[in-house]
Amino acid sequence: MAAQKTAAEALLVVLHQQGIAERDIRTDSLSLAPVYTQSAEGESRVTGYQAGQAFSVKVRDIDRTGQVVGAVNESTRDAGRINGVVFDVADPSALRAKAREAAFRDAYDKAEQHARLSGHRLGRLVSLSEGESVRPGPGGAAPALAAEEPGVPLAPGEIEEQVTVSAVFELL
């Protein structure tokens, strides 16, 4: 645990030096597992322990993300590993509202077309339900980064919000 403690302290120091607030640093897990060695006779025995700790860090200034990743990688060297970088929107409610409006317009337009194709007119809305919002995009973790990288170029791309609605209309 001593080596893990040293590595975690180095990580926390560099994150604070990079201006990351306490509220944006979270311990996700802390583990201590036995390390076994097998003898020539096939017997396993505990020869030590391996400690591990995982943190999630939120970098609010997107333009500094690569610099923070590079500084963390440099400070932790072989004791640390960057398992992934995820870009997100701090408050997705405006995106979700816009996606919801687009989903409803799409449902309405399709219902109106189906009514017309079947020789009817679209009546009142009978029921409306919304599915769970999703953000499609690439997933998975970025590969571990080389310790000598001072900064890492990152491309946040676009974040898309999707909302699914189911609408039931009366046919007249």
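Biologist: Is Thr 76 buried or exposed?
Modeller: Buried means under 20% relative accessible area, exposed over 50%, partly exposed in between (1.4 Å probe, protein chains only). Thr 76 has 10% relative accessibility, so the residue counts as buried.

Biologist: What should I know about the model itself?
Modeller: This is a predicted model, where local features need pLDDT of at least 70, side-chain atom pairs count only at pLDDT 80 or more, and totals for chains, interfaces and linings use all residues. Residues are numbered from 1 along each chain as its sequence is written, and side-chain values use heavy atoms, with hydrogens and water left out.

Biologist: Which residues does Thr 76 touch?
Modeller: Contact means heavy atoms within 4.5 Å. Leaving out residues up to four places away in sequence, the partners are Ala 7 and Leu 11.

Biologist: Which helix holds Thr 76?
Modeller: Helices (H or I, at least four residues) and strands (E, at least two) are DSSP runs, numbered from the N terminus. Residues 65–76 form the one that includes Thr 76: helix 2.

Biologist: What pattern does the protein chain follow along the sequence?
Modeller: The protein chain has three helices and four strands. Their order is α-β-β-α-α-β-β.

Biologist: What is the radius of gyration of the protein chain?
Modeller: The radius is taken over C-alpha atoms, and the globule rule is 2.2 Å times the number of residues to the power 0.38. For 172 residues that rule gives 16 Å; the protein chain is well over this, so it is more spread out than a compact globule, at 26 Å.
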